[in-house]
Amino acid sequence: MRRTKIAELLRTEPIDTEVLVKGWVKAFRNNQFIALNDGSTPHNLQVVLDFENTDPAVTDRIKFGAAIGARGQLVESQGKGQKVEVKASEIIIYGDCNPEEFPLQPKRQSPEFLREHAHLRFRTNTFAAVFRIRHALAYAIHKFFNDKGFYHQHTPIITASDAEGAGEMFQVTTLPLHKIPRTESDEIDFSQDFFGRATNLTVSGQLEAELAALALGEVYTFGPTFRAENSNTTRHLAEFWMIEPEVAFADLDDNMSLAEEMLQYVIRYALEHCADDLKILEDRLIEEEKTKPQDQRSEMSLTEKLRFVIDNQFVRLTYTEAIDILKNSSPNKKGKFQFPVEGWGTDLQSEHERYLVEKHFKKPVILTNYPAAIKAFYMRQDEAKEGVPGPTVAAMDILFPGIGEIVGGSQREERLEKLQARMKEMHIPEKELYWYLDTRRFGSCPHAGFGLGFERLVQFVTGMTNIRDVIAFPRYPGNAEF
RNA sequence: GCCUCAUUAGCUCAGUCGGUUAGAGCGGCGGACUGUUAAUCCGUAGGUCCAAGGUUCAAGUCCUUGAUGAGGCGCCA
């Protein structure tokens with residue numbers, strides 16, 4: 001007999017048919033009622049035993065966490081709480097689960113504890129919901145771009161360029177670490193290394209994506225990204241997944257519109273396809289809120305927050321305008337900011353970004369046209385503008401409540417001379433990036449793109465406050481377990 | 001990397017001013033009940049108080065150092 005998934009069974013409700021279900025025991029009540037979950041849905045199926053006619057050797061093995069199968073008649077439930085249930089005629093034990101040794105318990109456990117048991121946390125309602133939503137978001141991203149005519153590109157994970165300036169890199173080598181070969185001038189002799197040169201794990205697929213965009217028109221990457229920064233926060237990982245669209249013949253406005261449309265699309269997709277999982281996470285957050293003092297509770301529930309983002313346009317304003325708002329803000333005047341807003345030219349602190357997003361506008365904000373001095377070499381240089389004290393670039397950062405920067409992007413500098421001048425200023429060796437500059441030499445055109453931190457998106461949609469809880473096996477300083 | 005806080009039973013946590021035998025809820029185990037919904041009821045076991053050193057007649061409690069975890073900041077997606 002073929003196994004029916006619980007999701008399908010609950011969807012079609014084939015009453016009075018013989019079914020076979022398989023899953024993990026979530027609860028065993030009254031020696032009689034098994035709550036069974038197989039991961040296909042957050043909902044459990046109730047399996048009812050005829051306890052008087054079931055071998056005690058079998059019932060003794062029906063423990064929280066055990067893997068079992070149940071064959072029987074699907075019938076209308078006599079109890080409240082579920083429409084249907086399976087009257088079991090046979091129970092198959094696949095895998096026992098000793099409750100004295102199993103770290104999980106049928107009760108709330110802290111995210112910190114579960115993180116230490118990340119190999120088992122999929123079994124919890126919360127994490128099962130998170131990882132189903134993570135999948136749905138990944139799928140929605142591919143669907144969004146595919147339906148718009150974008151081509152998914154796989155960019156290299158091992159790269160020889162260390163000129164991207166996006167952060168510290170992990171070195172990749174096969175040289176023996178206990179006996180590193182040296183040149184005559186006592187430098188590490190990378191000519192003996194696997195690739196014949198120094199290599200690293202990628203910090204961004206952008207530069208390669210640009211090459212593809214300048215032929216295929218509209219492309220995106222969706223791959224792992226590595227940063228060897230010693231970051232200890234709730235929104236940084238050493239290994240994370242990033243989506244990087246790149247569009248030919250697009251300017252900064254097109255870029256912002258694409259990012260906004262994509263974010264709203266995928267959030268709407270989650271609301272439409274993951275309602276039950278979102279409900280679990282929303283209820284979890286409501287419970288958590290109860291432990292907080294009144295003034296620290298959030299005004300909106302999780303789904304209200306998500307609806308709000310898809311129903312409202314993001315605010316677009318320039319860095320220069322943001323500085324004005326911040327300078328005149330009451331926390332700045334009252335000296336409430338830990339870092340007072342000095343003036344034009346310095347980067348915004350996260351408390352400033354949070355003020356703009358969470359207090360002033362109360363919605364996602366796109367900040368644009370940052371000072372050139374604080375942004376990357378490849379961003380397009382703006383024309384001088386009245387009221388703007390210094391040179392700016394066509395950059396944009398999308399800031400979300402609670403998460404901060406979820407997207408960072410720009411229109412790219414397509415003019416060869418301007419790009420070369422900028423690289424010289426920032427001491428980026430042209431020689432290493434000859435291939436990047438070639439796109440500006442041969443058929444260059446205006447183009448733009450951005451990077452979306454996938455885990456930050458998953459964080460926002462699931463309401464998980466720590467980024468380490470939205471990726472199965474997080475990598476961060478001092479931790480590469482599992 | 002910097003700052004703050006934490007570490008007590010399997011889990012979540014309480015432990016007063018340093019005082020004699022370290023507690024609760026949940027979970028586990030045993031039993032009762034048998035249409036339950038994190039079932040309920042009764043009983044029961046369970047402790048290297050993070051580690052090392054120090055102060056003291058006396059340390060879970062105070063001090064020092066370290067480890068681990070959390071939150072904030074920086075780096076950024």
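Predicted model: local features only at pLDDT ≥ 70, side-chain atom pairs only at ≥ 80, totals over all residues.
Local features need pLDDT of at least 70 and side-chain atom pairs count only at pLDDT 80 or more, whereas totals for chains, interfaces and linings use all residues. Residues are numbered from 1 along each chain as its sequence is written, chains are lettered from A and ligands numbered from 1 in the order in which they are written, and side-chain values use heavy atoms, with hydrogens and water left out.

Within this pairing, Ala395 stands opposite Ser410 in strand 15, and the two strands form a hairpin with three residues between them, in whose turn Gly402 has a positive phi of about 85°. Strand 14 also pairs with strand 13 (residues 365-368), in the antiparallel sense and over four bridges, with Thr368 opposite Met396. Six of the six residues of strand 14 (residues 395-400) are buried, so the strand is largely enclosed by the rest of the structure; buried means under 20% relative accessible area, with a 1.4 Å probe and protein chains only. In a regular strand the side chains alternate between the two faces of the sheet. In strand 14, Ala395, Asp397 and Leu399 point one way, while Met396, Ile398 and Phe400 point the other way, and all are buried.

In total, 49 residues surround RNA strand B, and the closest are Asn30, Lys80, Arg115, His236 and Arg456. Sugar and phosphate account for 46% of the atoms of RNA strand B that come within 4 Å of the protein. The residues of this surface divide into eleven nonpolar, 23 polar and 15 charged, where Ala, Val, Leu, Ile, Met, Phe, Trp, Tyr, Cys and Pro count as nonpolar, Asp, Glu, Lys and Arg as charged, and the others, Gly among them, as polar.

Individual side chains approach both bases and phosphates of the RNA. An N or O atom in the side chain of Gln46 is 2.5 Å from a base oxygen of RNA strand B, while a polar side-chain atom of Ser350 lies 2.9 Å from a phosphate oxygen.

Technical notes. Near = heavy atom within 4 Å. Polar contact = N/O pair within 3.5 Å; in protein donor to acceptor, adjacent residues only side chain to side chain. Buried < 20%, exposed > 50% of the residue type's maximum accessible area, 1.4 Å probe, protein only. Pairing = 2+ DSSP bridges.
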